[in-house]
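Q: I have not looked at this one before. Can you walk me through it?

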Amino acid sequence: DAPSGVGGRIKLSVGGTKFVTTLDTLLMCSESFLGNMFSGKFKLEKDEEGYYFIDRDGTNFRYILNFLRTGVLTCPDDLALRRELKIEAEFYQIPSLVEILKADLNGSLRGTREFSAILCSENISLSSHNSNSESNHSYKRRTAIVTKKGTCRVVIDVPGSLCSGRHYFEIRLDRLQNPNCLAFGVSRTTGDLNEYVGSNSNSWSMIVMNREVLKRWNSPTCEPYGRSGTTFKEGDIIGLLLDYSGSSSPWGSLSFFLNGVNQGEAFNDIPPHVFPVVSMHTKDDAVSILKTQVPPE
């Protein structure tokens, strides 16, 4: 049965957020999730108010709907927002929008590294950082500083979750008062901004525990890792290499570098769709993200 609405209007509830549109708009991209859903091939149920329910976050759905209406992407020029929108465009299976966002994100990230202003704990302040060869214009959110004592994390901006290829990130420990209070790794989730990366089964990191040596952490596992006797100190440069290209399986490997020295493979079971994360704790500690995107030889 073809879906129906008053005066050709269709009412949608996307994760509880209400929208009203037309059947013509929903069928604008016939091969999409919405085009198939409202093609008449399926029997759809409405709630008591006449809404069709879609189990997705409705926050950015208006941009999806407006793209179907006009064929033009109209949303703020915010990297984190466009990353989230790309994930939604992939779910709704709108190829033209996915390609626009992919090109946009690839262009925005070429040659730059920044922390996310949205996926950042309220206890962290982000700022730009200058050197002789790098400008504020290129690095708007390069340095993360803890403003209030307590576990906090910030996500590194990437064009959608990482699920294929090789990815390398480097940070410098600009100020570190306690080597126990920093972890660098990847996480499947972005909402837990007041937890250490590695402190649950959905995240993996390198950390120093009990003022001892480097450890690989994917709770409950926390065991010695890397070269014997190695720890963190102020001024160190830490690299993270996430590699999905080593096998035909979807799982990736995670290795860390300390001052250019490969500490070896820490994990070989990283699932697809993760985000690079830095966690800190001590007030006034600071890290900067570096431009380097290729691991040391």
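Q: Phe 19 and Phe 61: buried or exposed?
A: Phe 19 is buried, and Phe 61 is buried too. Buried means under 20% relative accessible area, exposed means over 50%, and partly exposed is in between (1.4 Å probe, protein chains only).

Q: What kind of model is this, and how are residues numbered?
A: This is a predicted model, where local features need pLDDT of at least 70, side-chain atom pairs count only at pLDDT 80 or more, and totals for chains, interfaces and linings use all residues. Residues are numbered from 1 along each chain as its sequence is written, and side-chain values use heavy atoms, with hydrogens and water left out.

Q: How many aromatic pairs are there?
A: The search of the whole structure finds nine aromatic pairs. Rings of Phe, Tyr and Trp (its six-membered ring) pair if their centres lie within 6.5 Å; planes under 30 degrees apart count as stacked, over 60 as edge-to-face and the rest as tilted.

Q: What sort of pair do Phe 19 and Phe 61 form?
A: Theirs is edge-to-face, with 4.9 Å centre to centre and 65° between the planes. Phe 19 is in strand S2 (residues 17–22) and Phe 61 is in helix H3 (residues 61–70), so the pair ties together parts 42 residues apart in sequence. Helices (H or I, at least four residues) and strands (E, at least two) are DSSP runs, numbered from the N terminus.

Q: And which kind is Tyr 196 with Trp 217?
A: That aromatic pair is tilted, at 6.1 Å centre to centre and 50° between the planes. Tyr 196 is in the loop between strand S9 (182–187) and strand S10 (203–208), while Trp 217 is in strand S11 (residues 214–218), 21 residues apart. Tyr 196 is buried, with a relative accessible area of 14%, and Trp 217 is buried at 11%.

Q: Which residues form the aromatic cluster?
A: Phe 19, Phe 33, Phe 61, Phe 91 and Tyr 92 form one. The charged end of Arg 56 sits over the ring of Phe 91, 3.9 Å from its centre. A charge sits over a ring if NZ of Lys or CZ of Arg is within 6 Å of the ring centre and within 35 degrees of the ring normal.

Q: Switching topic, what is the secondary structure of the chain?
A: The protein chain has five helices and 17 strands. Buried residues make up 48% of its 297 residues.

Q: What is the mean pLDDT?
A: The mean is 86, and 88% of residues reach 70 or more. pLDDT is the predictor's confidence in each residue, from 0 to 100.
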